[in-house]
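Reader: Hey, I've got a fold to look at before I set up some calculations. Can you walk me through it?
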Amino acid sequence: MMKRTSTITEIMPADIQTVWGIVTDNEHYHWRSDLERIDVLDGGERFIEYTKDGFSTEFIITRIESCYCYEFDMQTKIFTGHWIGKYESTGVGETKLTYTETIRFSNPLLGLISYLCLPLKRIQKAYMDDLRKALKEKS
């Protein structure tokens with residue numbers, strides 16, 4: 001089994017409640033430039049994201065502590081994984097985010113190819129950029 005992990009840490013220009021509210025509201029996902037839609041299932045405990053490229057990922061929330069930790073397992077046809085989001089108030093109206101994503105491929109060849117077609121760091125950076133824009137529009 002091949003494993004890849006990527007972590008990104010950024011400071012967002014908004015208080016922790018605002019950031020938390022946007023990130024955890026899967027009914028209102030239009031701020032995400034990569035998504036076509038999200039189907040929220042099982043009362044919100046599970047959701048499926050569909051990218052504009054037609055790729056779908058199922059998420060099952062495994063831990064949610066308001067304004068502190070948002071965590072879930074994920075799976076697609078080619079990988080399984082785990083995502084952890086940590087939230088920390090800076091005390092000056094900003095929020096420090098640390099997101100760690102780990103994905104596992106049962107097929108080592110797919111794991112190697114994923115470096116080309118699934119650039120985790122670039123995907124994480126795009127998410128942070130989208131979030132920053134959404135926060136700016138909200139203020």
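Reader: Which residue takes a positive phi in the hairpin of β6 and β7?
Author: Glycine 91 does, with phi near 85 degrees, and that hairpin has 5 residues between its strands. Helices (H or I, at least four residues) and strands (E, at least two) are DSSP runs, numbered from the N terminus.
Reader: Ok, and where do the numbers come from?
Author: This is a predicted model, where local features need pLDDT of at least 70 and side-chain atom pairs count only at pLDDT 80 or more, while totals for chains, interfaces and linings use all residues. Residues are numbered from 1 along each chain as its sequence is written, and side-chain values use heavy atoms, with hydrogens and water left out.
Reader: How many bridges join β6 to β7?
Author: 10, with β6 (residues 80–89) and β7 running antiparallel. Two strands pair if DSSP finds at least two bridges between them. Within that pair, tyrosine 87 sits opposite leucine 97 of β7.
Reader: What's on the other side of β7?
Author: Strand β1 (residues 2–12) pairs with β7 (residues 95–105) over 11 bridges, also in the antiparallel sense. Arginine 4 faces isoleucine 103 there.
Reader: Zooming out, what's the strand order in the sheet?
Author: β1-β7-β6-β5-β4-β3-β2, an open sheet of 7 strands with antiparallel pairing. β1 and β2 are the edge strands, each pairing on one side only.
Reader: Switching to the helices: what does α3 lie across?
Author: α3 lies across β1 and β7, at about 25 degrees to β1. Angles run from 0 to 180 degrees between N-to-C directions, and the axes are lines fitted to C-alpha atoms, for helices over the stretch in contact.
Reader: What does valine 23 touch?
Author: Setting aside neighbours within four places in sequence, valine 23 is in contact with Trp31, Tyr70, Tyr87, Tyr99, Tyr127 and Leu131.

Methods
Contact = heavy atoms within 4.5 Å.
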